[in-house]
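Morning, everyone. Please look at the structure first.

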Amino acid sequence: MEIQIKKYHQLSLDELYQILKLRVDAFVVEQACAYPELDDADQNATHLFIEKNQKVIGYLRLFQLKNGSTKISRVVTAKSERGKGISRKLVDAALAQVQKERQTESVVLQSQEYLTDFYASFGFEKTSEVYLEDGIPHVDMELIFKTK
C-alpha cells in the first residue's frame, strides 16, 4: 500500500470525493457528531492517503499554522481497515514529510483522548488538559523535533 502525497490542486475529483466521504463517514456519521467537516483548511493542506482497490482507506492532512507550527489533522482509517497499522504508516510519512520540507520544528495535533498513547508513541507530548470539542474529549499534543 503506497502512500500518496498531494497538494489540494493535485487531487483528482475522485480522490477528493473519496477523502471527504471517508472523513464524513468516520467523523460525522460514525461518531454522531454534527460539525463543519469542510473547514477551509483543505485548500492549503498537503494530503496523505492510502488507497486499496482504488478506494481511499486511510488519510490525514498537514498544514502550516500562523505561528509556524505544522498541524496534523483528520487522521482517519476506514472502519473495515482498522487495526492494520494504516494510521501509523500515515503519521510516520507525515512526520517524514515535515522533516523533509524543513518548514517547522514542531508539529501539533488535537488528539481524541483515547488516542493519546498512540500519538505519544511518535514522541508527541500533551500540552493541554482534556477538553470537549464537539462533545468528544480531546487533548492538544505537540512534537518538537530535536536539532542535532
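Start at leucine 95. Leaving aside neighbours within four places in sequence, leucine 95 is in contact with Ile72, Val107, Phe122, Phe124, Leu143 and Phe145. Contact here means heavy atoms within 4.5 Å.

A word on the source. This is a predicted model: local features need pLDDT of at least 70, side-chain atom pairs count only at pLDDT 80 or more, and totals for chains, interfaces and linings use all residues. Residues are numbered from 1 along each chain as its sequence is written, and side-chain values use heavy atoms, with hydrogens and water left out.

Now the core. Which residues have the most contacts inside the largest nonpolar core? They are Leu60, Ile72, Leu95 and Phe124, in a core of 34 residues. By nonpolar core I mean a set of buried Ala, Val, Leu, Ile, Met, Phe, Trp, Tyr and Cys residues joined through side-chain atoms within 4.5 Å. Buried is under 20% relative accessible area, exposed is over 50%, and partly exposed is in between, with a 1.4 Å probe and protein chains only. At least two residues of this core come from each of helix 1 (13–30), strand 2, strand 3, strand 4 (70–77), helix 2 (86–101), strand 5 and strand 8 (136–144). Helix 2 gives the most, with seven residues. Helices (H or I, at least four residues) and strands (E, at least two) are DSSP runs, numbered from the N terminus.

Next, the aromatics. How many aromatic pairs does a search of the whole structure find? Three. Rings of Phe, Tyr and Trp (its six-membered ring) pair if their centres lie within 6.5 Å; planes under 30 degrees apart are stacked, over 60 edge-to-face, and the rest tilted. Tyrosine 119 counts as buried because its relative accessibility is 6%. Phenylalanine 124 is at 2%, so that residue is buried too. Phe118, Tyr119, Phe122 and Phe124 form one aromatic cluster.

Over to strand 4. Valine 76 lies there. Its relative accessible area is 4%, so valine 76 is buried. Leaving aside neighbours within four places, valine 76 is in contact with residues including Leu22, Phe27, Ile57 and Ser87. Valine 76 and serine 87 are eleven residues apart in sequence, yet 6.8 Å apart in space, C-alpha to C-alpha.

Serine 106 lies in strand 5 (residues 106–112). Buried or exposed? Serine 106 is buried, because its relative accessibility is 10%. Its side chain makes a polar contact of 2.8 Å with the side chain of serine 69. Another, of 3.2 Å, joins the side chains of serine 106 and glutamate 142. A polar contact is a pair of N or O atoms within 3.5 Å; within protein, one must be able to donate a hydrogen and the other to accept it, and residues adjacent in sequence count only if both atoms are side-chain atoms.

Last stop, the loop between strand 2 (46–52) and strand 3 (55–64), which holds asparagine 53. Glutamine 54 lies in that loop too. Most residues other than glycine have a negative phi. Asparagine 53 has a positive phi, near 55 degrees. Glutamine 54 has a positive phi near 60 degrees. Asparagine 53 is exposed at 73%, and glutamine 54 is exposed at 72%.
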